[in-house]
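Subject: A structure for you to explore

Hi there,

Here is the structure I promised to send you. Have a look at it first, and then read on for what I found in it.

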Amino acid sequence: MANDLALSVKDLKTFFYTNKRCNKALNGVSFEIRKGKTLGVVGESGCGKSVTASSIMQLLPRLSRIEEGSITYHSERGDIRIDELERDGAEMRSIRGEEIAMIFQDPMTALNPVYSVGFQIGEALQYHTDLTKKQRGERVIELLTAMGIPSPGERAKQFPHNYSGGMRQRAMIAMAMSCNPKILIADEPTTALDVTIQAQIFNLMNKLKSENDTAIMLITHDMGVIAELADDVAVMYMGNIVEAGTVDDVLRRPQHPYTRALLDSIPILGRGRDQDIKSIRGATPDPYERPKGCQFAPRCDFATDACEVMPTEEAVTDTHRVMCHRYKEIFENA
Amino acid sequence: MLTFILRRILITIPMLLIISFLVYLGLELTPGDAVSHMISPDLTNTVTEEQMAAMRESLGLDKSFIERYWSWLTHIVQGDFGHSLSGGVAISTIVLDRLPATLELSIFALVFSTIIGCVLGLLSALKRGSATDSALTVVGMLGVSIPEFFFGLVAILIFALNLGWLPVGGRLLPSYDSYWDHFPNIILPGLVLSLMMTAGVMRYARSAMLDSLSREFIRTARAKGLPQWRIILYHAFRVALTPVVVLIGFRLPTLIGGSVIIEAVFQWPGIGLEFIGAVRGSDYPLVMSIALLSVLAVLLASLIVDVLTAMIDPRVRLG
């Protein structure tokens with residue numbers, strides 16, 4: 001079992017500090033990413049999806065810290081505790097970009113405007129491989145070709161502002177894939193792009209996954225994307241994973257009231273205009289004044305006094321776990 | 001790129017024409033003319049109106065304003081700036097005589113302030129919020145806000161008069177054998193002038209650096225696993241360079257026009273000092289020529305800034 005894993009995160013707590021207040025952005029998060037599989041992480045804005053990604057990459061802002069828990073990268077050289085590495089130390093830098101790579105939400109701002117795309121892709125190769133300058137140039141063109149960028153030789157010399165949005169994201173993926181990473185973290189890679197471009201990017205990611213056996217952590221707030229691409233799903237709410245399991249587990253047999261509410265709030269194409277879309281009542285709480293117990297309780301239709309206490313994670317099946325006091329009763333009534 | 005530069009030069013020409021016209025118009029509006037300056041005040045009573053008119057005619061002053069402007073302009077284009085009213089020396093000779101001193105001082109200050117300003121600004125941005133940053137911020141604000149002449153006078157008082165380390169002012173003295181003998185003379189005016197410039201460059205470099213460090217491509221660079229120095233110098237500083245280059249570029253005119261105040265305070269025999277003398281002595285042809293030269297320098301500097309910006313930032317459209 002452990003051999004299939006690319007990365008395990010155990011009880012991770014990452015806190016942000018501002019003006020002597022503390023935002024418990026991640027409050028005990030555990031999950032695994034399997035080799036060659038896609039883990040989809042869904043949740044509303046501010047639920048801690050991106051913080052999880054930044055914690056893994058050790059790219060957290062200065063005033064934040066991993067307080068507890070562990071991030072273990074199962075490399076070929078043995079397990080590496082990422083959370084124990086120095087943030088910008090040599091070891092962490094050699095993992096970043098080479099073994100764990102990341103693509104970002106907005107390709108418009110994620111590329112440096114004053115350097116050519118080829119140069120920026122080549123930079124990763126320069127620091128992680130022994131290739132000569134000429135070989136790097138060839139590899140860059142190879143990568144751009146693989147990403148389906150036309151006339152890659154000329155494109156490599158161009159600057160990000162000469163690229164369209166979709167092409168920039170493909171260039172970002174080329175950069176991330178340049179050193180054949182074991183894990184690719186994609187933080188909402190298509191949110192800033194046209195829907196038509198989305199499909200292209202996802203096809204590309206799927207191809208990379210099957211060809212290079214790359215494990216992917218796909219962060220999104222789009223359930224449709226999850227259904228399409230993910231093998232495993234983790235649903236996050238206010239710094240906790242409230243439900244996790246395989247795609248079938250979570251999308252077909254949702255246990256947590258939040259997951260259900262989330263699924264109910266998506267309009268379905270083809271059902272016409274009169275479909276019953278349920279919005280989730282209330283708003284996400286202020287991260288500095290969180291509810292005492294279950295974070296979702298104030299917005300939950302099934303909340304009782306018992307929910308004043310933080311629920312623990314319970315296994316529904318071997319692959320499916322949920323964080324709710326009442327999931328059994330609710331599930332029976334449904 | 002070449003067509004871009006050519007086009008920029010072509011735009012510069014009509015601007016120069018308009019400004020030269022305004023400068024000439026300014027002279028026209030001042031009271032008195034060349035003749036009234038040529039006649040010594042003691043003789044005003046003895047010279048008759050007819051004699052004055054004859055002089056005007058011989059100098060071509062009786063022609064229309066446009067005709068005179070045209071003749072002035074055509075001479076200038078041929079490099080003939082006319083003669084100074086006091087002494088009758090050719091203006092081009094005066095300017096060429098004064099230019100080395102001004103260039104020497106300005107290049108010293110420009111190079112010094114650019115290097116030190118960028119380094120300190122970078123340091124300040126990287127150590128944001130630290131004691132170093134606060135200290136540099138205070139020094140920078142003082143540097144920007146204290147007037148040059150005050151700073152210059154205080155420097156003379158302390159280093160020249162009280163401590164006696166450096167000469168009070170002046171440049172080449174008769175007793176100097178070699179060019180390098182006058183080096184102590186340049187230290188005080190050079191440093192005072194550069195400290196003013198350094199403060200500005202530092203403040204600009206700091207804020208541009210903070211801005212570019214907070215951009216998303218820095219996170220991308222970190223995610224690639226690049227070492228810190230490369231992220232700072234290659235990714236952040238390169239982007240921060242554009243506003244700093246613009247600032248430094250607009251300091252370029254001091255190379256020719258000189259710093260009037262500093263040159264006056266330190267009696268540095270450059271173009272700035274000459275300019276003050278010309279204004280005091282109502283030597284209008286000289287004032288006009290220096291003003292026109294400064295304008296030319298400003299236009300050239302803005303051309304250089306445009307070209308440099310286009311070279312540094314590929315997003316600038318060459319059109």
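**Where the two chains meet**

Between chain B and chain A there are three salt bridges. Please keep in mind as you read that this is a predicted model. One of the contacts to look up is the salt bridge between A:Glu123 and B:Lys224, whose closest N and O atoms are 2.8 Å apart. Why would such a pair form at all? Side chains of opposite charge can pair when their charged atoms come close.

The meeting of the chains also includes eleven residue pairs in polar contact, counting pairs with both residues at pLDDT 80 or more. On the side of chain B that touches chain A, helix H9 (216-223) and helix H10 (228-249) of chain B each supply at least two residues. H10(B) has the largest share of that side, with seven residues. By type, the residues on this side of chain B are ten nonpolar, four polar and eight charged.

How many residues take part? Chain B brings 22 residues into contact with 30 residues of chain A. Together the two chains bury an area of about 2500 Å², and carbon and sulfur atoms give 54% of that.

**Chain B by itself**

Of the 319 residues in chain B, 41% count as buried. If you take the contacts in chain B with a separation of 6 or more, 74% of them come from residues 24 or more positions apart.

**Two domains in chain A**

Chain A is divided into domain 1 (31-61 + 85-99 + 186-334) and domain 2 (104-178). The contact between them takes 20 residues from domain 1 of chain A and 14 residues from domain 2 of chain A. The centres of these two domains, taken over C-alpha atoms, are separated by 30 Å.

About 1300 Å² is buried between domain 1 and domain 2 of chain A, with carbon and sulfur atoms giving 66%. The number of salt bridges between these two domains is zero, while five residue pairs are in polar contact across their interface (both at pLDDT 80 or more). On the side of domain 1 of chain A that touches domain 2, helix H2 (90-95) and helix H8 (195-212) of chain A are the elements that give two or more residues. H8(A) gives the most, with eight residues. That side of domain 1 divides into eight nonpolar, six polar and six charged residues.

Start with helix H11 (residues 257-264) of chain A, where six of the eight residues are buried. Among them are A:Tyr258 and A:Arg260.

Next, find A:Arg299 in the loop between H11 and strand E11 (314-315) of chain A. Is A:Arg299 buried or exposed? A:Arg299 has a relative accessible area of 8%, so this residue is buried. A polar atom of the A:Arg299 side chain lies 3.2 Å from the backbone oxygen of A:Gly282. Leaving out residues up to four places away in sequence, A:Arg299 touches several residues, including A:Glu44, A:Tyr237 and A:Ile280.

**More salt bridges**

Over all chains, the count comes to 27 salt bridges. In one of them, A:Lys49 pairs with A:Glu188, the closest N and O atoms being 3.3 Å apart. A:Lys49 lies in helix H1 (residues 49-57) of chain A and A:Glu188 in the loop between strand E7 (183-187) and H8 of chain A, so this pair ties together parts that are 139 residues apart in sequence. Both A:Lys49 and A:Glu188 are buried.

Now look at A:Lys134 and A:Glu138, which meet in a salt bridge of 3.7 Å, N to O. Both lie in helix H5 (residues 133-146) of chain A, four residues apart, about one turn of the helix. A:Lys134 is exposed, with a relative accessible area of 64%, whereas A:Glu138 is partly exposed at 44%.

Enjoy looking around!

Best wishes

Definitions and conventions. Residues numbered from 1 in each chain as written. Chains lettered and ligands numbered in written order. Predicted model: local features only at pLDDT ≥ 70, side-chain atom pairs only at ≥ 80, totals over all residues. Heavy atoms only, no water. Domains from an automatic or database assignment. Contact = heavy atoms within 4.5 Å. Buried area = accessible area lost by both parts, 1.4 Å probe. Salt bridge = Lys/Arg side-chain N within 4 Å of Asp/Glu carboxyl O. Polar contact = N/O pair within 3.5 Å; in protein donor to acceptor, adjacent residues only side chain to side chain. Nonpolar A, V, L, I, M, F, W, Y, C, P; charged D, E, K, R; others polar. Buried < 20%, exposed > 50% of the residue type's maximum accessible area, 1.4 Å probe, protein only.
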